[in-house]
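Work through the exercises below with the sequence and the 3D structure open. Try each task before reading its solution.

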Amino acid sequence: MTRDAMLNILEETLKGLSVKLVYDDLRKGEVNTRGGLFTLKGERCALIHKGLSVEDKVELLLGILSTMDTESLHLPPAVRKKIEEARIETA
């Protein structure tokens with residue numbers, strides 16, 4: 001599976017979990033982060049630096065999804081395996 005296809009599936013997976021996904025410039029001013037998951041007014045949001053490479057976006061989204069329950073979602077085996085690997089790395 002290509003990294004672009006993986007990124008697309010991960011983005012759709014977040015939407016399926018009712019997580020708002022926002023790409024923005026997070027390296028301007030005093031903010032200097034790749035992004036992450038947060039809750040704002042009860043809404044879960046994933047904020048990702050738009051200047052990251054596809055590889056870095058995939059890595060970050062896998063990390064975010066590894067903290068969430070994805071069992072009820074239909075995911076390609078390769079994607080589920082990557083999420084599980086990320087879950088093990090962060091444990």
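**Exercise 1: a pair within one helix**

In this predicted model, Arg-87 and Glu-84 both lie in helix α3, three residues apart, so about one helical turn separates them.

Task: How far apart are N and O where the side chains of Arg-87 and Glu-84 meet, and what is this contact called?

Solution.
1. The distance from N to O is 2.4 Å.
2. A salt bridge requires these atoms to be within 4 Å, and the side chains of Arg-87 and Glu-84 do form a salt bridge.
3. Arg-87 is partly exposed, at 22% relative accessible area.
4. Glu-84 is partly exposed too, at 29%.

**Exercise 2: two further salt bridges**

Task: Which residue forms a salt bridge with Glu-12, and which one with Glu-71?

Solution.
1. Glu-12 pairs with Lys-15, and their closest N and O atoms are 3.6 Å apart.
2. Both residues of this pair, Glu-12 and Lys-15, belong to helix α1 and are three residues apart.
3. Glu-71 pairs with Arg-80 at 4.0 Å, N to O.
4. Glu-71 has 53% relative accessibility; exposed means over 50%, so Glu-71 counts as exposed.
5. The count of salt bridges comes to six.

**Exercise 3: the core**

Task: Which element supplies the largest share of the largest nonpolar core?

Solution.
1. This core has 20 residues, and Leu-61 and Met-68 are among those with the most contacts inside it.
2. α1, β3, α2 and α3 each supply at least two residues.
3. The largest share, six residues, comes from α2.
4. The axes of α1 and α2 come within 9 Å and cross at roughly 35 degrees; the crossing is left-handed.

Methods
Residues are numbered from 1 along each chain as its sequence is written. This is a predicted model: local features need pLDDT of at least 70, side-chain atom pairs count only at pLDDT 80 or more; totals for chains, interfaces and linings use all residues. Side-chain values use heavy atoms; hydrogens and water are left out. A nonpolar core is a set of buried Ala, Val, Leu, Ile, Met, Phe, Trp, Tyr and Cys residues joined through side-chain atoms within 4.5 Å. Buried means under 20% relative accessible area, exposed over 50%, partly exposed in between (1.4 Å probe, protein chains only). Helices (H or I, at least four residues) and strands (E, at least two) are DSSP runs, numbered from the N terminus. Axes are lines fitted to C-alpha atoms, for helices over the stretch in contact, and angles run from 0 to 180 degrees between N-to-C directions. A crossing is left-handed if the near helix is turned anticlockwise from the far one by less than a right angle, and right-handed if clockwise.
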